[in-house]
Amino acid sequence: MPRLLTRLSSSRVVRALLVLAALGFLGYGLARNRSETVAALAQLSWWSVAVSFAAVLAGLGLMLVAWRDILAGLGSPLPLPVAARVLFVGQLGKYIPGTVWSFAAMIELAREHGAPPRRTFGATTLGLAASLGCALLLAAATLSRQIAREGWWLLALIPMILIGLHPRVLTWGLNLALRILRREALDRVLSGADMAKALAWTMLGWLVYGVHLWVLVADMRPGGVSLYPIAAGAYALAWATGILTVVIPAGIGVREGAMVLALSPVLGTSQALVVAVVSRVVFSAADAAWAAIGFLWARSVPAPKARPREPLGSSHGGKPGDGTPSPGSPVP
């Protein structure tokens, strides 16, 4: 990771190539399944796809607010346009095979605006844990019978995640990870109030995500509002399953399979597959759209003044990861 960050920080060409590679993999994934995608879109009305896309854009915006609040709580507030650029341009890296590209890109983009790598790493990890916890809670609340029968192992993760989101526990865990990566420990603990606020934004984002699948499901069969809990839970379960399969870029394939299983009781396998395919396309398009929005929006913010860069491999400052200081106090 340090060597990768050195390359990213020293060359804009390398960063541009990384973005182009991410867009290439995204486009390749869509083109590879072009016939399947076209056939799926043909079975849905244009308005349901448009509303689904708008819901995903709104949900991603809420996740942006949650991530930005976590980063600010760790001591590095960013203007909203800059946060959008860091999060969404950086997250294009999830389409590249491997698990480090998104983290590396976000760390470097945030450092250009004064956020130390340890804080960006911490905020991104916490945001992912919060999102996973909210997704599992939503799936458990809406798909209780299916979860108990087919995905009971996911329920076992909920108490572990909730415990892990406690400020003292999460600080210990993040500092342990940072020490393994030979980086400085966090110099501030996220307060319980900041974590609660981020969780509220995250859960709201998940509820909006549910709308994107609901309108697609409702376009396939009658049912009205009664279909919303099933749709919201199905996407939450599918995403959680995909994100836990870290060896596959962006959970491709795994997420669709879990979604089909969750939706089959109300749609049937063939129609559930149509919805799963369109959901994937909508999210990919929204990822690209938000990356473009973030890139252009951030140009309205004045460039930050040059400041000394944090050493990539340093671990000074006492014993990183030992102890759990009170919020706002330095880590020994």
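Buried means under 20% relative accessible area. I kept that cut-off at hand while going through this predicted model.

**Entry 1, R85.** I looked up R85 and found it in helix 5, residues 80-91. R85 has a relative accessible area of 17%, and because the cut-off is 20%, I noted R85 as buried. Its side chain makes a polar contact with the side chain of E112, at 3.5 Å. I then listed what R85 touches, leaving aside residues up to four places away in sequence: G90, L109, E112, H113, G294, F295 and A298.

I searched the whole structure and found one cavity of 30 Å³ or more. The largest cavity holds about 30 Å³ of space. I wrote down its lining as F88, Q91, L92, K94, Y95 and D287. By class, I have three nonpolar, one polar and two charged residues in that lining.

How many aromatic pairs does a search of the whole structure find? I got eight. I took W206 and Y209, an edge-to-face pair with 5.2 Å centre to centre and 85 degrees between the planes. Both lie in helix 12, residues 192-220, three residues apart, about one turn of the helix. Both W206 and Y209 are buried.

Y235 lies in helix 13, residues 228-243, and W206 in helix 12, so the pair ties together parts 29 residues apart in sequence. Y235 is buried, as is W206.

Terms used
Residues are numbered from 1 along each chain as its sequence is written. This is a predicted model: local features need pLDDT of at least 70, side-chain atom pairs count only at pLDDT 80 or more; totals for chains, interfaces and linings use all residues. Side-chain values use heavy atoms; hydrogens and water are left out. Helices (H or I, at least four residues) and strands (E, at least two) are DSSP runs, numbered from the N terminus. Buried means under 20% relative accessible area, exposed over 50%, partly exposed in between (1.4 Å probe, protein chains only). A polar contact is a pair of N or O atoms within 3.5 Å; within protein, one must be able to donate a hydrogen and the other to accept it, and residues adjacent in sequence count only if both atoms are side-chain atoms. Contact means heavy atoms within 4.5 Å. On a 1 Å grid over the protein atoms alone, a cavity is a set of points where a 1.4 Å probe fits but cannot get out, and a pocket is an open set with protein on both sides within 12 Å along at least five of seven lines; lining residues have an atom within 4 Å of a point. Grid points are joined across faces, edges and corners, and a volume is the space filled by probe spheres set on the points. Ala, Val, Leu, Ile, Met, Phe, Trp, Tyr, Cys and Pro count as nonpolar, Asp, Glu, Lys and Arg as charged, and the others, Gly among them, as polar. Rings of Phe, Tyr and Trp (its six-membered ring) pair if their centres lie within 6.5 Å; planes under 30 degrees apart count as stacked, over 60 as edge-to-face and the rest as tilted.
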